[in-house]
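Good morning. I will go through one structure, part by part, and give each term its cut-offs when it comes up.

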Amino acid sequence: MHGLFRWSSKWWPGTIPLAILWGIAAWSNTVPLETDLAARSTTALKDTVLDKTQITVDGRDVNFAADAFSEDGRRNAVAAVEAVPGVRLVNDETRLVPEAKPFVWSAERDVVRVTLGGSAPLPASKSKLVEAAHAALGNVEVADQMNLSRGAPPRFDAAALLLIEQIAKLKDGKITISDNKVSLSGMARELGGREAIATGLKNLPEGFSVAADDIKAPPYVFQAYKDPVAVTLTLTGYVPDDKVHAALVASAGRKFFNEKVVDNLKASVGAAGGFAAAVGPALGALSRLSTGTLVVSDRELKLSGDAFYDAAAVQIRAGLGKDFPQGWQFKADISVKPAAAPVDATVCQQLFSDLLGRGNIRFLPGQAAIDPDSAGLLDRLIETALRCPSANIEIAGHTDADGEDGFNQALSEKRAQAVMDYLVKAGLPADRFTAVGYGSTQPIASNETDEGKAHNRRIEFVVR
Amino acid sequence: MSYLAMFHWGWLLGALLLGFVAGWISVVQRGRSVSKVTARWLALLVAALLAAALARVIPGRPGYWLDLGLMLFALYLVGCTIGSWLRHWAVSRPTSAA
């Protein structure tokens, strides 16, 4: 042992190369050691949920800054870095993510982009929401302005994902979650979008409720245009369903005896209540115009055009609004077509025959009451009668051969009289007309077929 | 510690060999010795540095360099001890045999 002390007093010369060795080792190893420790620390934090993680290594000391989402998570993260072999000290600069109260998240859509804002609870849910927005919105730009905050209500992710699906149905607008209340505002992309969103919202996770739903839908538009030059009735826009669609087109076919019905209607949800009840009579009014347009927008109905004569204009203005469903508004802009030039009796007869050749005056089955669908035809007949003021006209009623002769005779007389009354009510002098019934005595077609019978049931105007 | 040993094994081996050579030579060397007083001061210095390293009071890179230096120095001393013993054994054996 004594020898060792003796020898050790002569060990000092080796310390000079040792110091040099130390210097070189320190110079060449510091950066690799720091890089290695940083990589090991990052790996140790791989399974820990943190935000804004920053790791810098100074020698063997790790400066560790991060935002954690719970106190436990924060402590575990620091412990994980402390446990990395080779780490001497951890400068703990971690903190908890701020708590949002109330916890507000929003998705706002304008023409070009969707902006996700407010708070998201975790980085994973944040990226999940952005991804879902990309998937739901296709090529629309998605701007992520979400912050991370604590304090999200349970099942927040499911609620937000559902709402992202709904924002795809908006043209513009904003959806907000505040704690567990959902507010929506804006304009739906399509007709029925409002209803589709309302249906979607029924699947909101438990605990969430809709505080305000101010989604508006684009106006529900229906248009009918009567074109006297092309002799067409063009229907465009929307109808509530196929049943209403078929009924409207059939009714238009009856009312517009002369015009070809061009049907460009599409079925869509979102119609105001009472749509069919309002549009039906309005189409009837349009059929009484020589040219005109009917525009229905939500609950507002606008009819414009030219009536054939003054009394018709007054009747249309007064009559239409009466049968309307509640809440509907009616605006009529009816002028009167300039009176056509007078014609002589022969031309007058030709015009009557021409009109009645294209359409029959209809009556309710087995009765003498005129079907309202024939109003358009009657207006044309009245206009013609006004053009030959000196002519006397016989209104002749005919029936088919079904039923008893006496009944048919009486019915034909009553129907001819009903037409005459209609004309007189429109302002024509009663002494120009005589109403005559012929029963089934003057058929113009076979009474053996339904088609023939239909031809035989008729009113004729004969100029005397 | 094992991490540091693994990371710097080459340098530590170098220090051990250097110590072995220094110890080997020291047995027969006639040069200047360190006085007892100086040796005590040096021991005190090393103890202080060791204490500083264990207490982790020196931050950042200097702290790491100190750790590295002390490890190299420890290995150097081990090398010296082995070298000295072996040389002493090699030198004294023929004498004792004779």
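Two strands count as paired if DSSP finds at least two bridges between them. Strands (E, at least two residues) and helices (H or I, at least four) are DSSP runs, numbered from the N terminus. What you see is a predicted model, where local features need pLDDT of at least 70 and side-chain atom pairs count only at pLDDT 80 or more, while totals for chains, interfaces and linings use all residues. Residues are numbered from 1 along each chain as its sequence is written, and chains are lettered from A and ligands numbered from 1 in the order in which they are written.

Chain A as a whole, to begin with. Chain A holds 13 helices and 19 strands. Of its 464 residues, 36% are buried. Buried means that 20 or more other C-beta atoms lie within 10 Å of the residue's own, exposed means 12 or fewer, and partly exposed is in between, with C-beta atoms placed from the backbone. Contact means that the C-beta atoms of two residues, placed from the backbone, lie within 7 Å. Among the contacts in chain A between residues at least 6 apart in sequence, 67% join residues at least 24 apart.

Now the six-stranded sheet. In chain A, six strands make an open sheet in the order 13-12-11-14-15-16, and the pairing is mixed. Which strands are at its edges? They are strand 13 (260-267) and strand 16 (329-336) of chain A, each of which pairs on one side only. On average, neighbouring strands of this sheet are turned by 5° against each other, direction ignored. For the angles here, axes are lines fitted to C-alpha atoms, for helices over the stretch in contact, and angles run from 0 to 180 degrees between N-to-C directions.

Within this sheet, strand 11 (residues 221-227) and strand 12 (residues 232-239) of chain A run antiparallel and are joined by six bridges. A:Asp227 has A:Thr232 of strand 12 as its bridge partner. Helix 7 of chain A packs on the sheet and touches strand 12 and strand 13, its direction making about 165° with that of strand 13. Helix 9 (residues 310-320) of chain A also packs on the sheet, touching strand 15 (300-307) and strand 16, and its direction makes about 180° with that of strand 16.

The loop between strand 11 and strand 12 of chain A contains A:Val231. Its phi is near 55°, a positive value in a residue other than glycine. Most residues other than glycine have a negative phi, and most peptide bonds are trans. A:Val231 is exposed, with 11 other C-beta atoms within 10 Å. A:Lys52, in strand 1 (residues 50-58) of chain A, has a positive phi of about 55° although it is not a glycine. There is also a cis peptide bond, between A:Lys101 and A:Pro102, with omega about -5°. A:Pro102 sits in the loop between strand 4 (95-96) and strand 5 (104-109) of chain A.

Back to helix 7. How far apart are the axes of helix 7 and helix 8 of chain A? Helix 7 (residues 242-255) and helix 8 (residues 275-287) of chain A pack with their axes 10 Å apart, at an angle of about 20°. That makes the two helices of chain A roughly parallel, a term for angles under 35 degrees. Residues making the contact include A:Val244 and A:Leu248 of helix 7 and A:Phe275 and A:Leu283 of helix 8.

Strand 17 (residues 393-398) of chain A pairs with strand 18 in the parallel sense over five bridges, and A:Glu394 stands opposite A:Thr434 in strand 18. A:Val462 belongs to strand 19 of chain A. Is A:Val462 exposed, partly exposed or buried? A:Val462 is partly exposed, with 14 other C-beta atoms within 10 Å. Not counting residues up to four places away in sequence, A:Val462 touches A:Ile393, A:Glu394 and A:Ala396.

Last, the contact between the chains. It takes 35 residues from chain B and 27 residues from chain A. Helix 4 of chain B gives the most to the side of chain B that touches chain A, with 14 residues.

Terms used:
Parallel < 35°, antiparallel > 145°, perpendicular 65-115°, else oblique.
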